[in-house]
Amino acid sequence: MELSRLTTTVPKEYVHRASHAEVFLTSCEKIGENTFTITGQWPRAHTFFHTSDGRNHDHLQAVETIRQIGIFLAHSEFGIPLGHQFVMRDISATTYPEHLGIGNSPSDLTIETVFTKQRNETILGVDIVIRRDEHVVAVGDGHFTCVSPAAYRRLRSGALTTAIDYHPTNQTPSDFGRTLPIDLVLAPTDRPSVWRLNPDPSHPVMFEHGGDHMPGMVLLEAARQAACALLPPGICVLPTTTVNRYQRYAEFGAPCWIEAVELPLQQPGMFSAQVTGHQDDQQVFTTQLIGRRVPGPRTFLADRMEGVPAGPPLAVPVPSTVATRIGT
């Protein structure tokens with residue numbers, strides 16, 4: 001008996017994921033020399049990628065899909081062997097919330113993709129348009145370089161044995177646009193609008209496939225949470241555009257300081273911020289974020305903990321050299 005072709009994901013190794021559940025691509029068809037039609041699927045519910053009200057697919061899920069497309073095409077269509085490392089240079093996306101509502105079934109995606117090469121083919125990239133039911137739900141692009149295993153070992157030999165200096169805090173997740181304490185990635189400092197990067201290394205999505213430095217998606221989540229924290233309690237930002245540029249690795253073994261500054265924006269109901277990360281007196285990344293002001297989520301313990309006093313979160317002093325450099 002011959003079975004019809006059934007829907008499945010692309011190989012998880014081709015998008016550098018350990019779990020099939022975190023693979024959002026399902027097939028690929030080559031249309032031209034550098035153009036492809038890729039299909040994908042976003043689940044109705046995801047443990048991490050979700051909006052504050054749970055009704056829409058998440059902006060960062062679209063960014064993660066762009067990341068997966070670039071890696072997948074490099075491996076499957078352009079001869080980059082498995083085992084090579086990908087160094088992200090930039091990744092940006094604009095999403096359209098009016099077409100991102102979660103329905104009664106998973107969202108099937110059609111993704112028009114152009115693969116690009118720059119600077120004597122050393123910089124690879126993708127330009128994508130994501131559609132669902134003929135509606136454009138996201139557009140974006142990303143650029144990266146590839147590093148062989150041997151070159152990566154030479155590049156990262158001093159960082160392979162370090163660990164994340166993680167300390168749980170008792171902050172309210174809803175102040176950062178989240179519902180679960182495990183999703184928080186920022187720790188307070190003694191200066192407003194400056195935080196220490198503090199993700200839980202046991203997080204099942206952010207650290208799903210291991211590594212020797214902070215994943216780029218952790219930095220983007222830090223940018224989103226920092227932007228939410230600039231807003232009054234009970235309000236958070238639903239990102240619609242992020243422009244993200246990476247200057248260097250964020251190492252596990254040294255504090256990474258996250259600063260957020262509100263940017264002027266003459267659009268009612270909208271909010272914009274610039275978020276930067278610094279480590280060892282060097283800029284790690286920058287994110288410019290635009291989004292809608294929306295009601296923030298209630299923390300999942302809000303009802304149970306009502307009336308139970310909680311001590312203030314421990315504020316970590318920001319070193320004076322850092323404070324001077326980032327202008328706080």
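**Rings, helices and a few contacts**

The chain has four helices and 12 strands, taken as DSSP runs numbered from the N terminus (helices H or I, at least four residues; strands E, at least two). It's a predicted model, where local features need pLDDT of at least 70 and side-chain atom pairs count only at pLDDT 80 or more, while totals for chains, interfaces and linings use all residues. Residues are numbered from 1 along each chain as its sequence is written, and side-chain values use heavy atoms, leaving out hydrogens and water.

Me: How many aromatic pairs does a search of the whole structure find?
Reply: Rings of Phe, Tyr and Trp (its six-membered ring) pair if their centres lie within 6.5 Å. Searching the whole structure on that basis, the count comes to seven.

Me: What kind of pair do Tyr14 and Phe72 make: stacked, edge-to-face or tilted?
Reply: Planes under 30 degrees apart count as stacked, over 60 as edge-to-face and the rest as tilted. The ring centres of Tyr14 and Phe72 are 6.2 Å apart with planes at 50 degrees, so this pair is tilted.

Me: How many residues apart are Tyr14 and Phe72 in the chain?
Reply: Tyr14 sits in the segment before strand S1 (25-30), whereas Phe72 is in helix H1 (residues 59-76). The pair therefore links distant parts of the chain, with a separation of 58 residues.

Me: Is Phe72 buried or exposed?
Reply: Buried means under 20% relative accessible area, exposed over 50%, partly exposed in between (1.4 Å probe, protein chains only). Phe72 has a relative accessibility of 6%, which means it counts as buried.

Me: Which residue forms one aromatic cluster with Phe48 and Phe49?
Reply: Phe48 and Phe49 are both buried. Their ring centres lie 5.4 Å apart with planes at 65 degrees, so they're edge-to-face. The cluster also takes in Phe24.

Me: How are H1 and H3 oriented to each other: roughly parallel or roughly antiparallel?
Reply: Axes are lines fitted to C-alpha atoms (for helices over the stretch in contact), with angles from 0 to 180 degrees between N-to-C directions. The axes of H1 and helix H3 (residues 216-229) come within 11 Å and cross at roughly 160 degrees. Angles under 35 degrees are roughly parallel, over 145 roughly antiparallel, 65 to 115 roughly perpendicular and the rest oblique. So H1 and H3 are roughly antiparallel.

Me: Which residues of H3 make the contact with H1?
Reply: Contact means heavy atoms within 4.5 Å. On the H1 side you've got Leu60, Val63 and Glu64, and across from them on H3 are Met217, Leu220, Glu221 and Arg224.

Me: What is the relative accessible area of Thr240?
Reply: Thr240 lies in strand S9 (residues 235-246). Leaving aside residues up to four places away in sequence, Thr240 touches residues including His59, Ala93, Met270 and Arg292. Thr240 is buried, and the value is 9%.

Me: How far apart in space are Asp165 and Ala254, C-alpha to C-alpha?
Reply: Asp165 is in the loop between helix H2 (149-156) and strand S7 (186-188), and at 47% relative accessibility it counts as partly exposed. Not counting residues up to four places away in sequence, Asp165 touches Arg196, Asn198 and Phe252. Asp165 and Ala254 are 89 residues apart in sequence, yet their C-alpha distance in space is 7.8 Å.

Me: What is the C-alpha to C-alpha distance between Tyr166 and Pro201?
Reply: Tyr166 also lies in the H2 to S7 loop, and it's partly exposed at 25%. Among the residues Tyr166 touches, not counting those up to four places away in sequence, are Asn198 and Pro201. Tyr166 and Pro201 are 35 residues apart in sequence, and in space they're at 7.4 Å.
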